[in-house]
Number of protein chains: 2
Amino acid sequence: MREKNTPPLVTDEEVSHLLDIPSPRLEDAYRKGIIKKYQKHDLDAIQFRKGLGRMEAGTMVIKGEDMEVIRGFPKIRRTLMLHPALEKHFPREVAVEEKMNGYNVRIAQVNGRIVAFTRGGYICPYTSRKATQILDLDEFFQNYPEMVICGEMVGTLNPYVSHYYPEVGKLGFRIFDLREKLTNKPLPVLDKRELLADYHLEPVRLLGIFPVKEAPENIMEITNELGKNDREGVVMKDPQMELEPLKYTSSQAQAAELEYALSFPFDLAQAFLFSRIIREGFQAHEAGETGEKLRERALRMGESALYPMLQTISKVEQGELAAEDLLIEVDNLEEAEEFIRHLRDLKVMATLVEVKNGKAVIRRIHQSTNDRINNYLDGGLY
Amino acid sequence: MREKNTPPLVTDEEVSHLLDIPSPRLEDAYRKGIIKKYQKHDLDAIQFRKGLGRMEAGTMVIKGEDMEVIRGFPKIRRTLMLHPALEKHFPREVAVEEKMNGYNVRIAQVNGRIVAFTRGGYICPYTSRKATQILDLDEFFQNYPEMVICGEMVGTLNPYVSHYYPEVGKLGFRIFDLREKLTNKPLPVLDKRELLADYHLEPVRLLGIFPVKEAPENIMEITNELGKNDREGVVMKDPQMELEPLKYTSSQAQAAELEYALSFPFDLAQAFLFSRIIREGFQAHEAGETGEKLRERALRMGESALYPMLQTISKVEQGELAAEDLLIEVDNLEEAEEFIRHLRDLKVMATLVEVKNGKAVIRRIHQSTNDRINNYLDGGLY
């Protein structure tokens, strides 16, 4: 029974039909905050904050002349042990692509306009602007208006995950999937690469396609090499893309994430710590590491937990803020301010430090880390 | 308004009056599971599962000729930084006692019988039997029936925390507080030691009484020494016991706890990991550690996380259970079985392996660790 003061319906029969989710369930999801209205950047949309039915979190339903559904990017599960997980999961062959350390972006043409969505389905103004600057997408979307380009925004001038890649430098975009609107169906690995080549669009690196029997050994070796070069890891795919992909990362990537988390221990560490350490255990086990090699890994783990924490404690003791500075390219002050408003929408506390030479310095403040370190330095009890 | 089918009252006016908690609040706490009836080992008691009013968790109210209240042992807070916490907390002097690595036990005479309570207020049959075997308490309780002896059960034949102390060996009891029934008021540090000496009862070691200005430096040194000898740390007290004590532990103790937790990662690690690593950060900061010293600490942290996890993964891979064997002294099979029943009351999964030469081997099974490692080894995804 609906009450008189129920908020106006967010969904109608068309949405319900398109998503194959009954209207009452959509209405209920709306009341629970699972789906929300999203009316920004000239879009009138419904954002899926969590998964519902077959719709992934991050799915956007956009109203317009035609209703468009940009599906959320599916969560990629992790294997802790390459053997026997790969054999269990893939029947014959495994295509190995590099997993790059940046942030996940979906680019689509919506109501005749090219828009970039972050993982959660937000439109990031910086990403949308940069994507269209970096990439020439008009021709592609003219011929494939029903495609969604899924890729990683990487490089150092990157407000979410700043990481240096020699072949990228400041900012670049590498594509890992081409998927269909509404169904989320991906192209097979080689078809995708061919199509991207035709439009001079850059895919992530394909590091090999292996018979599944040989895959674990090859992938372990590849991951070690990637790690030595400060690179994150791999995504393993069924070449036909009929099965869910899996991911696997290097010990160095785990250490780098620990370092970051422990720089802001009271904001980030609790959620990060456990799973990173578990990954190290299984990776060392599968690699059969002993002696000096194992000690090296242990030292890397310990150092990546301890050193960044000490740095932050010292910084706070000297009166500085526990914060990180993000660097983005902007043409003017308004663009910087727009990005800060976007961060606040995401509940990220940030201030503008300066705009200079086409770059904005944005300070992301980790408030709990700041408050709690100050308290302990001040004699507060744990 | 009470319903007809309300459970019978656990409390009466006498209890309410004695504890200074209004009856309705006690009844409400009973319905919420904060207090429970405890009718075992010939006691008719109320057990405080959580704190309520001024009563600590672990408080026991025991009915009999006279009603007895054995207060819970107060939680001791931790300082992450000795300076300036000590100066803030203690006005003049700090008495430093050794914190031993065992389990907290309160021993009291109740209805004419000497009973040992664990931290939560449970009567552990093993502890009760051993306490009266190890200690000659009759004369003490004859003269001080209103006292509660608070101490640590330590040694290797210890089912909860088995740790080797050269001066203890298999099983010993060291006393840190003498407190009054009902009020929980402790004796001053030196009065306590004198009284214990009169009855040949052994206190924990007093490592010094320092002016508060000199305390941090001394305690840091003491803690380092204790750590080198695999000992846990210190409890810092107001000599008059008018203020809450504080605790501080060695890096080695933190590492040992990580080792234990990471031996059973999916049962114990998540709760342990974060706070141990935080302690290491602040301790290294206060010690001003750099270079090789800091690297040593990092390596200790990494090794104590990685190595035990690897051991357990290998063990499970070889078909063994993720479990730990506890050793207790028993005179017969019935004593061993009684202790296992006690563990099951505490929701600990345990089985009897054998009783031989007066010792029982009890296997405590860490089921989640077992199940999840098996799953990952089997190719399960994370």
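A:E97 is buried, with a relative accessible area of 1%. This holds for a predicted model. A:E97 forms a salt bridge with A:K237, and their closest N and O atoms are 2.7 Å apart. A:E97 sits in strand β6 (residues 93–99) of chain A and A:K237 in strand β12 (residues 233–237) of chain A, so the pair ties together parts that are 140 residues apart in sequence. A:K237 is buried too, at 2% relative accessibility.

Now to chain B. The side chains of B:E98 and B:R205 meet in a salt bridge. B:E98 belongs to strand β6 (residues 93–99) of chain B, while B:R205 belongs to the loop between α6 (189–198) and β11 (206–211) of chain B, so this pair ties together parts 107 residues apart in sequence. B:E98 is buried at 2% relative accessible area. B:R205 is partly exposed, at 41%.

B:K237 forms a salt bridge with B:D177. This pair links distant parts of the chain, 60 residues apart: B:K237 is in strand β12 (residues 233–237) and B:D177 in strand β10 (residues 172–180), both of chain B. B:K237 is buried, at 3% relative accessibility. B:D177 is buried as well, at 2%.

Salt bridges that share partners join A:E97, A:D177, A:R179, A:K192 and A:K237 into one network.

| Salt bridge | N to O distance |
|---|---|
| A:E97 with A:K237 | 2.7 Å |
| B:E98 with B:R205 | 2.9 Å |
| B:K237 with B:D177 | 2.9 Å |

Over all chains, the structure holds 52 salt bridges. Chain A is divided into domain 1 (6–68), domain 2 (100–202), domain 3 (250–316) and domain 4 (322–364). The C-alpha centres of domain 2 and domain 3 of chain A lie 31 Å apart.

Methods: Residues are numbered from 1 along each chain as its sequence is written. Chains are lettered from A and ligands numbered from 1 in the order in which they are written. This is a predicted model: local features need pLDDT of at least 70, side-chain atom pairs count only at pLDDT 80 or more; totals for chains, interfaces and linings use all residues. Side-chain values use heavy atoms; hydrogens and water are left out. Domain bounds come from an automatic or database domain assignment. A salt bridge is a side-chain nitrogen of Lys or Arg within 4 Å of a carboxyl oxygen of Asp or Glu. Helices (H or I, at least four residues) and strands (E, at least two) are DSSP runs, numbered from the N terminus. Buried means under 20% relative accessible area, exposed over 50%, partly exposed in between (1.4 Å probe, protein chains only).
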